[in-house]
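Student: Could we go through this model together and ask what stands behind each label?
Tutor: Gladly, let's take the labels one by one.

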Amino acid sequence: MGSGAAIPQWTSEPCIMGIDEAGRGPVLGPMVYGCLYCARSYEKTLSSLNFADSKTLKEEKREELFENLKADESIGWAVDIIDPRELSAKMLKKNKINLNEISHDSAIGLITKVLNMGVLLTEVYVDTVGDAEKYRTKLSERFPAVKFVVAKKADSLYPVVSGASIVAKVTRDRALQDWVLEETAEDLHKNFGSGYPGDPNTKAWLQHHKHLVFGFPTLVRFSWGTCTPYFKDIAEVLWESNETDADGSSSANGKRQLKLSNFGVTKSKRKIEEIESSGKGRCKFFMARKLEQVTQF
């Protein structure tokens with residue numbers, strides 16, 4: 001039973017849920033959080049369905065098990081697909097949101113979604129992200145009526161989390177397989193390997209697809225430190241900003257020049273330089289014609 005199906009009668013019984021993710025480490029593609037839930041009375045049957053940690057299964061077996069659980073009317077499931085652009089934007093914004101917080105928010109979102117559907121969740125099993133006890137406390141404070149078990153390798157210990165692991169992994173694999181590159185360069189291709197930083201095919205793909213002005217295609221998580229070495233010779237990009245400085249001050253006419261020097265890579269130690277609008281760094285075309293940006297007409 002997918003998230004869009006009518007809610008079955010068994011959801012009014014006490015239910016258990018498992019939550020796991022796929023794609024936390026890769027530099028390419030989305031991170032996917034998946035959940036699987038069922039009536040507590042179905043737990044013994046669930047244990048006989050041969051679910052296991054998705055990382056220990058071959059692709060064909062994962063696909064088979066995913067189709068089986070989709071067809072099982074005694075099981076519900078849902079996913080949260082977090083786009084690489086969203087990951088990078090959150091991790092690079094002024095008030096940064098780290099990957100653990102993003103993961104926690106995704107898990108909380110899945111629990112909230114299932115509860116709002118009317119499912120009587122009484123126990124939730126989660127593969128830990130960060131300190132297990134702190135994570136359990138955070139979840140318990142948010143959902144006091146639910147018992148939480150947060151553990152390392154939960155996908156190997158609890159069949160309901162193993163099932164969630166399969167849901168997340170197959171969903172991510174299919175998302176990558178069906179990914180349509182938005183960029184229009186003629187030599188783009190999708191032979192990027194596993195997407196993990198250590199994969200030689202992934203490294204070759206990143207090297208081939210880098211652009212010294214525009215960075216990487218949107219498939220890439222710009223916030224990953226893996227991206228840093230590919231931009232040793234990046235172009236200096238300048239743009240005009242009307243925003244005030246971080247301390248609340250501004251230049252005489254409220255404009256300043258900013259330089260993008262590191263493509264948003266978090267591990268770069270270079271600070272973004274701020275050049276007041278004395279003309280330094282501005283395009284000669286605009287300077288020669290004494291052109292200024294107009295915001296009010």
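The conversation below sets values against definitions.

Tutor: A word on origins: this is a predicted model, where local features need pLDDT of at least 70 and side-chain atom pairs count only at pLDDT 80 or more, while totals for chains, interfaces and linings use all residues. Residues are numbered from 1 along each chain as its sequence is written, and side-chain values use heavy atoms, with hydrogens and water left out.

Student: What does the secondary structure of the protein chain come to?
Tutor: The chain has 9 helices and 8 strands. Both are DSSP runs numbered from the N terminus: helices are H or I with at least four residues, strands are E with at least two.

Student: Why is Thr-202 called buried?
Tutor: Buried means under 20% relative accessible area, exposed means over 50%, and partly exposed is in between, using a 1.4 Å probe and protein chains only. Thr-202 has a relative accessible area of 0%, so it is buried. This residue is found in helix 8, residues 200-209.

Student: And which residues is Thr-202 in contact with, leaving aside its neighbours within four places in sequence?
Tutor: They are Val-27, Leu-28, Phe-192, Gly-193, Ser-194, Gly-195 and Tyr-196. Contact here means heavy atoms within 4.5 Å.

Student: Why is Val-237 called partly exposed?
Tutor: The relative accessible area of Val-237 is 25%, so it falls in the in-between class. Val-237 sits in strand 6, residues 237-241. Its C-alpha atom is 7.4 Å from that of Val-213, 24 residues apart along the chain.

Student: What makes helix 2 roughly perpendicular to helix 7?
Tutor: Helix 2 (residues 59-71) and helix 7 (residues 159-177) pack at an angle of about 115 degrees, with axes 9 Å apart. That angle makes the pair roughly perpendicular. The cut-offs are under 35 degrees for roughly parallel, over 145 for roughly antiparallel, 65 to 115 for roughly perpendicular, and oblique for the rest. Axes are lines fitted to C-alpha atoms, for helices over the stretch in contact, and angles run from 0 to 180 degrees between N-to-C directions.

Student: Which residues make that contact?
Tutor: From helix 2 they include Arg-62, Glu-63 and Phe-66, and from helix 7 they include Ile-166, Lys-169 and Asp-173. By class, the contact has 6 nonpolar, 2 polar and 7 charged residues. Ala, Val, Leu, Ile, Met, Phe, Trp, Tyr, Cys and Pro count as nonpolar, Asp, Glu, Lys and Arg as charged, and the others, Gly among them, as polar.

Student: Is Cys-38 buried or exposed?
Tutor: Cys-38 is at 0% relative accessibility and therefore counts as buried. Cys-227, with a relative accessible area of 1%, is buried too.

Student: Why is Asn-50 called exposed?
Tutor: Its relative accessible area is 53%, so Asn-50 is exposed. Asn-50 lies in the loop between helix 1 (43-47) and helix 2. Its phi is near 65 degrees, a positive value in a residue other than glycine.

Student: What makes Lys-153 exposed?
Tutor: Lys-153 counts as exposed because its relative accessibility is 58%. It lies in the loop between strand 5 (147-151) and helix 6 (154-157), and its phi is near 55 degrees.
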